[in-house]
Amino acid sequence: MLVAAAVCPCPPLLVPEVARGAGPELDAARSACLDALGVLAAARPDLLIVAGPAGPDDGGPFPPGSSGSFAGFGVDLTVRLGEPPAGSPAPERPLPASLAVGAWLLGLARWDGAPAEGLGVEETLPADRCVRVGADLAARAERVALLVMGDGSACRTVKAPGYLDERAAGFDAAAVRALASADLAALEALDESLAYELKAAGRAPWQVLAGAARGAGLGGRLLYEDAPYGVGYAVAVWS
């Protein structure tokens, strides 16, 4: 059963080495992410699963010990998600960027609360399949925690990656309300086509969370919400 969840944004700019001069702009987001991980640790899970958006070639499970690199962002930095079982070789498939950011956050928090593994969620995965995936995740152990990586729309300003779209603010507001209140029905109802048009990479992972939380009776709390680069970022905890 799902006992706790943390929702965090996944821009590589969260990593100060990648952000460089822009680093202070996300200090509040980093601090909120660490607070959210503290809630996960306090839940004493048996298993932590980091779920985040992925492309068609990066979907599926990533076992403990999987590594990711920020070399594509001009930074010689490698991170690892958990530890591989004793005697097992390190997994070869690299983490997608969203899970690499999640692994970096866990390293920053010095996570040692439970074995950690990853799940890449294809950004175009339909809502009903996301919900089924989430339900399967919740059944993996007696006490499961989720670290859900994902951004809102990338169309909040003219300088945003997707330029300005007047629908973006409303989409993000609805998503943040649902994340803040652990409203499963509202998350499941997020429009897949609109999310794709607005480049909201968090839609599918959020709907995986909704599926995992069915029957868990968790309450939500918002720790951070902003759009410093025209992209919607939110940090929330469910416990």
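Ser-66 stands opposite Leu-81 in strand 5. This is a predicted model, in which local features need pLDDT of at least 70 and side-chain atom pairs count only at pLDDT 80 or more, while totals for chains, interfaces and linings use all residues. Residues are numbered from 1 along each chain as its sequence is written, and side-chain values use heavy atoms, with hydrogens and water left out.

Start with that strand. Strands here are DSSP runs of E with at least two residues, helices are runs of H or I with at least four, and both are numbered from the N terminus. Strand 4 (residues 66-69) and strand 5 (residues 78-81) run antiparallel, joined by four bridges. Two strands pair if DSSP finds at least two bridges between them. Now look at the side chains of strand 5, which alternate. Val-79 and Leu-81 point to one face and are buried. Buried means under 20% relative accessible area, exposed means over 50%, and partly exposed lies in between (1.4 Å probe, protein chains only).

Next comes strand 7 (residues 144-149). Six of its six residues are buried. Both of its faces are covered. Val-144, Leu-146 and Val-148 lie on one side, with Ala-145, Leu-147 and Met-149 on the other. What pairs with strand 7 in the parallel sense over six bridges? Strand 1 (residues 2-8) does. In this pairing, Ala-5 stands opposite Leu-146. Strand 2 (residues 47-54) also runs parallel to strand 7, and five bridges join them. Here Val-50 stands opposite Leu-147.

Ser-98 touches Met-149, along with Cys-10, Gly-52 and Pro-53, not counting residues up to four places away in sequence. Contact means heavy atoms within 4.5 Å. Ser-98 sits in helix 3 (residues 97-108). With 3% relative accessibility, Ser-98 counts as buried.

Helix 3 also meets helix 2 (residues 27-42). Their axes come within 10 Å and cross at roughly 75°. That makes helix 2 roughly perpendicular to helix 3. Axes are lines fitted to C-alpha atoms, for helices over the stretch in contact, and angles run from 0 to 180 degrees between N-to-C directions. Under 35 degrees counts as roughly parallel, over 145 as roughly antiparallel, 65 to 115 as roughly perpendicular, and the rest as oblique. Helix 2 brings Arg-30, Cys-33, Leu-34 and Leu-37 to the contact, and helix 3 brings Trp-104, Leu-105, Leu-106 and Leu-108. These residues divide into seven nonpolar, no polar and one charged. Ala, Val, Leu, Ile, Met, Phe, Trp, Tyr, Cys and Pro count as nonpolar, Asp, Glu, Lys and Arg as charged, and the others, Gly among them, as polar.

Cys-8 is buried, at 0% relative accessible area. Cys-33 is buried too, at 0%.

Finish in the loops. Tyr-163 has a positive phi of about 65°, although it is not a glycine. Tyr-163 lies in the loop between strand 7 and helix 5 (168-181). Lys-199 is not a glycine either, and has a positive phi of about 60°. Its loop runs between helix 7 (192-197) and helix 8 (203-212). At 49% relative accessibility, Lys-199 counts as partly exposed.
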